[in-house]
Amino acid sequence: MIDTHAHRDAPAVAEPETHRRPRVLVFAYACEPGAGSEPGAGWAVVRAVAEFADCVVLVGPEHGPHIRHWQVTHPDPGLVFVEVPEPGWARLAKQHRVTWFALYLLWLRRAHRVVVRRFPQQQFDVTHHVTYSTYWLPTPAARFGVPCVWGPVGGAVTTPRALWPLLGWRGVAGELFDLFTVRALSWLPATRDTWRRATVALLQNEATQRRLPHALLTKARVLNHAMFTEVPAHPAPAPRHRSGLLLVSALEARKGVRLALHALAHTPDDVTLLVLGDGPERKSLEKLARRLRIQHRVRFHGWTPRDQVFARLAKAAAVVFPGLREEGGLSLAEAMLFGAPVIVLANGGARTIAAAATDRFRVALIEPGTVTTTVQRMAEAMTYFSRHADMHARGPLLDQTAARDTLRAAFEHAIADRVGWVV
């Protein structure tokens, strides 16, 4: 069920303390069924935890209607959602990432107060902070005196310096701002306190692993949230129905679409690219395609509904993921679950996800080097899959069972000292 009345007190429920599912308090500001990006990732992780635990999930109010609609056909008394309200100016704050960041911090404070007021601490065996978890910010989930599973945590991925020319001056300015801000916030006393209090840290990628102190790494494991992505069943198309290359992304500097266009310019004339997505870089990318004289081989389709994206994924000769700075990669995981060959810039979370592929012959990991060498490597992969896609099987490329086992093991470790509570 979903509870929108966060101000009411809820009585504690007494039950035997042995041989029961653990009770988990989950902070999941972004959590929505059928969504992409962070809300989709949050939903997928929550669903995975709910397989072995009873969950009370704190969510942002904009996701409530979709959750209620889902619950009509999926009733589960062990999965309770509590909408934590936002201030009246929230809609305006979400128009820019800086003000959205401030709004999120305020939401966390409100969520903490809701828990203190509504739920006696002894009701929960473990807390879990799921969405927008970054290593440089504190979490209220670590402040309840019970074990805390923190993450998957990201926030450490940066664009390789050799590829900065692909960002443009605005992208470089944003990169420098983020580098300074992240390093400064990581020294906040509250952040360091979270590092000490977290019982288990789940890390999005190896880049975050390298940024954390050794004391925290002893209780950490790498587990990208995209590994829990849910996609609908979809039959594999016949080889003759497969299309050209596909790129699914927001059109922002850090997404690396410029890299893909430069690579496409180094492929034969029969190699084509369809770009699904929109964003502030679209006009400059269209201009770049004309300058590279590939405008007849690349098509910008704009924003596309998810069901249509899935249909395209199933038919693509290969899907290109040139993200310069990716913590995760839900679109990458979705493509791999559909069995499409993928061409991935080997950096950050995208490397972590692609490296988990069950069939390495359908994955081209492009090691970042200079702009020239990276473009050439990507162009070679684009050409290969455009010409040989029919040679490869189309079964799912991700083994999600392993990810679920890792998640379950993290919770088992967190509550190992609570005898009689079975995960």
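Ser37 is exposed in this predicted model, with a relative accessible area of 55%, where exposed denotes over 50% relative accessible area, buried under 20% and partly exposed the range in between (1.4 Å probe, protein chains only). The model is a predicted one, in which local features need pLDDT of at least 70 and side-chain atom pairs count only at pLDDT 80 or more, while totals for chains, interfaces and linings use all residues. Residues are numbered from 1 along each chain as its sequence is written, and side-chain values use heavy atoms, with hydrogens and water left out.

Ser37 lies in helix H1; helices (H or I, at least four residues) and strands (E, at least two) are DSSP runs, numbered from the N terminus. The phi angle of Ser37 is near 55°, a positive value in a residue other than glycine. Another positive phi in a residue other than glycine is found at Arg293, near 60°. Arg293 is located in the loop between helix H10 (282-291) and strand E11 (298-302) and is exposed, with a relative accessible area of 68%. A further backbone feature is the cis peptide bond from Gly151 to Pro152, with omega near 20°. Pro152 belongs to strand E6 (residues 148-153).

The packing of helices was examined next. Two packed helices are described by the angle between their axes and the distance between the axes. Helix H1 (residues 37-49) packs with helix H15 (residues 400-414) at an angle of about 65°, and their axes are 10 Å apart. Here the axes are lines fitted to C-alpha atoms, for helices over the stretch in contact, and angles run from 0 to 180 degrees between N-to-C directions. The crossing of H1 and H15 is right-handed; a crossing has this hand if the near helix is turned clockwise from the far one by less than a right angle, and is left-handed if anticlockwise. Val45, Ala48 and Val49 of H1 and Arg404, Leu407 and Phe411 of H15 make the contact, a term that means heavy atoms within 4.5 Å. These residues divide into 5 nonpolar, no polar and 1 charged. In this division, Ala, Val, Leu, Ile, Met, Phe, Trp, Tyr, Cys and Pro count as nonpolar, Asp, Glu, Lys and Arg as charged, and the others, Gly among them, as polar.

Helix H12 (residues 330-337) is largely enclosed by the rest of the structure, because 7 of its 8 residues are buried. The buried residues of H12 are Leu330, Leu332, Ala333, Glu334, Ala335, Met336 and Leu337. Their cover includes H1, helix H11 (306-315), strand E12 (318-321), strand E13 (342-345), helix H13 (348-354) and H15. After H12 comes Gly339, whose phi is positive, near 85°.

Residues up to four places away in sequence not being counted, Thr229 touches Ala44, Leu330, Ala333, Glu334, Leu337 and Gln400. The side chain of Thr229 also reaches the backbone oxygen of Ala226 at 2.6 Å.

In a regular strand the side chains alternate between the two faces of the sheet. Both faces of E9 are covered, with Leu245 and Leu247 buried on one side and Leu246 and Val248 buried on the other. E9 pairs with strand E10 (residues 273-276) in the parallel sense over 4 bridges, pairing being assigned if DSSP finds at least two bridges between two strands. Leu273 of E10 is the bridge partner of Leu245.

Two further loop residues were considered. Glu327 is found in the loop between E12 and H12 and is partly exposed, with a relative accessible area of 23%. A polar atom of its side chain lies 2.9 Å from the backbone nitrogen of Gly155, and the backbone nitrogen of Val157 lies 3.2 Å from a polar atom of the Glu327 side chain. Thr139, in the loop between strand E5 (126-129) and E6, counts as buried at 3% relative accessibility. The side chain of Thr139 makes a polar contact with the side chain of His129 (2.4 Å). A polar contact is a pair of N or O atoms within 3.5 Å; within protein, one must be able to donate a hydrogen and the other to accept it, and residues adjacent in sequence count only if both atoms are side-chain atoms.
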